[in-house]
Amino acid sequence: MNTVSSARDWKYPSVSTVVPSSSSTRKKGLYASIRVSRTWRISVTLKYEIKKLIYVHLVLWLLLVAKMSVGHLRLLSHDQVAMPYQWEYPYLLSIVPSLLGLLSFPRNNISYLVLSMISMGLFSIAPLIYGSMEMFPAAQQLYRHGKAYRFLFGFSAVSVMYLVLVLAVQVHAWQLYYSKKLLDSWFTSTQEKKRK
């Protein structure tokens, strides 16, 4: 049996350095463990990326809640913080898909991840689409005539909220993409376990 000669070889052992060439059953076992290790690494990486996106979404969500609270409680005048747009109310439910996604991670729960993806379309992406349509006339008026009627700390509320919209769409799109990849990874590993 060949021995590992350096730390680099040990970190990434090849089949020939670990298993003698005459033992085909050991090779099959090693290939299976490498495949499981690869699936596990993919799952961990995707979970990490989704968690980062969930935390970015949480920051956006908290900023939106703070803006809406200040607007409704009249802590500042409406010249500084405008009243919320209609799309902001249903978007508050966008925290539900993120929580379902976080709940699916500890035990690789496929059903929670699927619920998270479906509810993300309903509670996150649909309000953002409606919001882009709701704010379009005000954005068009700002672009054509240079007049803004709602403000957020001296800036045009339409401009700021479109910036939030663009950022939120990107966060949710990447979150859906990584969730789909993670779902495929979990499904593949579940099918491999059933075959054994």
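This note walks through the predicted model point by point, from the overall fold to single residues.

1. Basis of the note. The structure is a predicted model, in which local features need a pLDDT of at least 70 and side-chain atom pairs count only at pLDDT 80 or more, whereas totals for chains, interfaces and linings use all residues. Residues are numbered from 1 along each chain as its sequence is written, and side-chain values use heavy atoms, with hydrogens and water left out.

2. Overall make-up. The chain holds seven helices and two strands, where helices (H or I, at least four residues) and strands (E, at least two) are DSSP runs numbered from the N terminus. Followed along the sequence, these elements give the pattern α-α-α-α-α-α-β-β-α. Of the 196 residues, 32% count as buried; here buried means under 20% relative accessible area, exposed means over 50%, and partly exposed lies in between, with a 1.4 Å probe and protein chains only.

3. Helix 6 against helix 7. The axes of helix 6 (residues 110-145) and helix 7 (residues 157-195) come within 9 Å and cross at roughly 160°, which makes helix 6 roughly antiparallel to helix 7. The axes are lines fitted to C-alpha atoms, for helices over the stretch in contact, and the angles run from 0 to 180 degrees between N-to-C directions. Angles under 35 degrees count as roughly parallel, those over 145 as roughly antiparallel, those from 65 to 115 as roughly perpendicular, and the rest as oblique. The crossing of helix 6 and helix 7 is left-handed, a term used if the near helix is turned anticlockwise from the far one by less than a right angle, while clockwise would be right-handed.

4. Helix 5 against helix 6. The axes of helix 5 and helix 6 come within 8 Å and cross at roughly 170°, and helix 5 is therefore roughly antiparallel to helix 6. Helix 5, too, passes helix 6 in a left-handed crossing. In the loop between helix 5 (95-104) and helix 6 lies Asn108, which has a positive phi of about 50° although it is not a glycine. Asn108 counts as partly exposed because its relative accessibility is 34%.

5. Side chains of opposite charge can pair when their charged atoms come close. A salt bridge is taken here as a side-chain nitrogen of Lys or Arg within 4 Å of a carboxyl oxygen of Asp or Glu, and by this rule the count comes to three. One of them joins the side chains of Glu49 and Lys52 at 3.5 Å, N to O; both residues lie in helix 3, three residues apart, about one turn of the helix. Glu49 is partly exposed at 21% relative accessibility, and Lys52 is partly exposed at 37%. Another salt bridge pairs Lys180 with Asp184, whose closest N and O atoms are 2.8 Å apart. Lys180 and Asp184 both belong to helix 7 and are four residues apart, about one turn of the helix; Lys180 is partly exposed at 41%, as is Asp184 at 34%.

6. The side chains of Glu88 and Lys67 meet in a salt bridge at 3.4 Å, N to O. This pair links distant parts of the chain, with Glu88 in helix 4 and Lys67 in helix 3, 21 residues apart. Glu88 counts as buried because its relative accessibility is 0%, and Lys67 is likewise buried, with a relative accessible area of 10%.

7. The loop between helix 3 (24-73) and helix 4 (88-91). Leu75 lies in this loop and is exposed, with a relative accessible area of 59%. Arg74 is placed in the loop between helix 3 and helix 4 as well; its phi is near 55°, a positive value in a residue other than glycine, and Arg74 is exposed at 62%. Asp79 is also found in the loop between helix 3 and helix 4 and is exposed, with a relative accessible area of 62%. Asp79 and Gly154 are 75 residues apart in sequence, yet 7.8 Å apart in space, C-alpha to C-alpha.

8. A nonpolar surface patch. Leu73, Leu75, Leu76, Phe153 and Phe155 form a nonpolar patch on the surface, with about 570 Å² of accessible area together. Patches are made of residues with over 30% relative accessible area and no salt bridge, like charges being joined within 9 Å and nonpolar side chains (Val, Leu, Ile, Met, Phe, Trp, Tyr) within 5 Å. Accessible areas come from the Shrake-Rupley method with a 1.4 Å probe, and for residues only the protein chains shown count as cover.
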